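My notes follow, in the order I looked things up.

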Amino acid sequence: MNPRLSALRVLMGLDKTPKRLETLLMQELERQRDMESRDRAFVSNLVYGVLRNRIYLDHMLDPLIKRGLESLDPEVLGMLRLGAYELAVLGNKPYAVVNAVVGAAKKSPAKRAQGLINAVLRKVAAAKDKLPLPDPQNDPAGHISLKYSHPAWLVEEMLKAWPPGFVEKWCEANQQEPVPGLRTNTLKTTAEELAASLEPFADRIEAHPLCPETLVLHGVKGPAKNLPGFDRGLWQMQDPGAAGLSLLLGVEPGLRVLDLCAGAGGKTGHLAALMQNRGELVAVEPSPGRYKALKANLKRLGVNNAVCMQAGGTKLPKDLGGFDRILIDAPCTALGVIRRRPDVRYRRGPEDAARLAELQYGLIEAAAGLLNPGGVLLYCTCSITRAENQGVVQRLREAMPELVPSWQAGLAPALKACMEDDGFFRTYPHRNQTDAFFAARLQKGQ
């Protein structure tokens, strides 16, 4: 039950499997169920801390390895990153850190390199405050990439669309742990009632301006997923920006609505609540695992106007009929949720956006063909790339000029403030305290 060994196993699992970070961490902590709560929290701190700072840590370590980091076994490099994080970021005492990491290495596949680990970490402790960074004026991409551990290609992509100061604040915000957001399930309770029931479990609770039924819980005591009311369907854990997207679609009771990429049903449940369980809501999800989770989640939330379909978004039954509203929360690179999933920055490359844009276009094109005259389609992603966002929308509008941008009147001021000059909706971690989302709302002519 060594927390550093547990952290190493999670980090190695990320390199060896496509499993999500949260899944690997949960599985490891489940195996160590007798570990003290303080040590369990330390495991999470180590894992997330190394991932949030990996490029910076590697920049520090590489000069200390004669043949470079690529010459090291993965477990050895993992141990060095863990130690460097404790020394350079957490500022823990060098003697204690070096002894603890070397002791953990002796019990791991890195045991043959314990002498190297000892020597390198001692050098890190001596030089951790002397690491130079590229000049922000002459090399803004290099400076931001190293300081905030964002891949250079990603920073360069961001700098093509936003100024350096904006990008730096954004990347800095990505390094912070997000505050949990719980969307009230208004089919069963109110935001005021939910906030009152959760008051003993947080230092401060406030409604988020983008979606007032979403409560932001500061200083949560214990894991947010264990808060009361979940089993009774009183709330859904959801980023406030994601909850705000559902409000943009403009659903109401009695409409026929399609959620084309439903996933586990976070937005589906919100749409049902906005429809007051009246009208028809069709939720489509191709993955067997997520389809099962979708059905279970909607049942928990008390949704009874939804029909769930396990199908691909471009392979729907021909007799499905037309819809008044369609939500396409498209599969994407997820580069907008880096603060929540810090491993995403290493699991994506510059070629992924173009590849996914083809899938996204297939989905939005299929959805557009299902719109009733006067119907509305909302296309959204949690990505930040131009290819996946405005590129997909512009391509559709060229192919189907009858679809025109149409934002509804009477939007809340906070939502309206996210409408940018190019006509698209965007949120940002440093500006809105949410993940980064993109949305376009198109209406079909009568």
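This is a predicted model: local features need pLDDT of at least 70, side-chain atom pairs count only at pLDDT 80 or more; totals for chains, interfaces and linings use all residues.

**Salt bridges, pocket and one buried Asp**

I began with E206, which counts as partly exposed at 35% relative accessibility. E206 has a salt bridge with R204, and their closest N and O atoms are 3.0 Å apart. R204 is partly exposed too, at 43% relative accessible area. I put both residues in that class because their values fall between the 20% and 50% cut-offs.

**Overall build**

Next I stepped back to the whole chain. I count 18 helices and 12 strands in it. The C-alpha trace spans about 75 × 50 × 40 Å along its principal axes. I checked the radius of gyration as well: a compact globule of 446 residues would be near 22 Å, and this chain has 23 Å, so the two agree. Buried residues make up 53% of the 446. I also looked at contacts with a separation of 6 or more, and 71% of them come from residues 24 or more positions apart.

**More salt bridges**

How many salt bridges does the structure hold? I get 24. As a reminder to myself, side chains of opposite charge can pair when their charged atoms come close.

I picked out E75 and K16, whose side chains meet in a salt bridge at 3.7 Å, N to O. This pair links distant parts of the chain, with E75 in helix 4 (residues 74-90) and K16 in helix 1 (residues 3-16), 59 residues apart. Are the two partners buried or exposed? E75 is buried, because its relative accessibility is 16% and the cut-off for buried is under 20%. K16 is exposed, with a relative accessible area of 60%.

I then went to K128 and D129, which form a salt bridge with their closest N and O atoms 3.5 Å apart. D129 is exposed, at 69% relative accessible area.

I also noted a network: salt bridges link D239, R339, R340 and D435.

**Second largest pocket**

R339 turned up again when I looked at the second largest pocket, where V179, V216, H218, R339 and Q433 lie nearest the centre among the 16 lining residues. The elements that give two or more residues to this lining are strand 2 (204-208), strand 3 (211-218) and helix 18 (429-432). Which element gives the most? That is strand 2, with 3 residues. The volume of the pocket is about 270 Å³. I sorted its lining residues by type and got 8 nonpolar, 5 polar and 3 charged.

**D343**

My last stop was D343, which I found in the loop between strand 8 (323-329) and helix 14 (344-347). Is D343 buried or exposed? It is buried, because its relative accessibility is 2% and the cut-off is under 20%. What does D343 touch, leaving out residues up to four places away in sequence? I list L14, L21 and L51.

Note on methods
Residues are numbered from 1 along each chain as its sequence is written. Side-chain values use heavy atoms; hydrogens and water are left out. A salt bridge is a side-chain nitrogen of Lys or Arg within 4 Å of a carboxyl oxygen of Asp or Glu. Helices (H or I, at least four residues) and strands (E, at least two) are DSSP runs, numbered from the N terminus. Buried means under 20% relative accessible area, exposed over 50%, partly exposed in between (1.4 Å probe, protein chains only). On a 1 Å grid over the protein atoms alone, a cavity is a set of points where a 1.4 Å probe fits but cannot get out, and a pocket is an open set with protein on both sides within 12 Å along at least five of seven lines; lining residues have an atom within 4 Å of a point. Grid points are joined across faces, edges and corners, and a volume is the space filled by probe spheres set on the points. Ala, Val, Leu, Ile, Met, Phe, Trp, Tyr, Cys and Pro count as nonpolar, Asp, Glu, Lys and Arg as charged, and the others, Gly among them, as polar. The radius of gyration is taken over C-alpha atoms; the globule rule is 2.2 Å times the number of residues to the power 0.38. Contact means heavy atoms within 4.5 Å.
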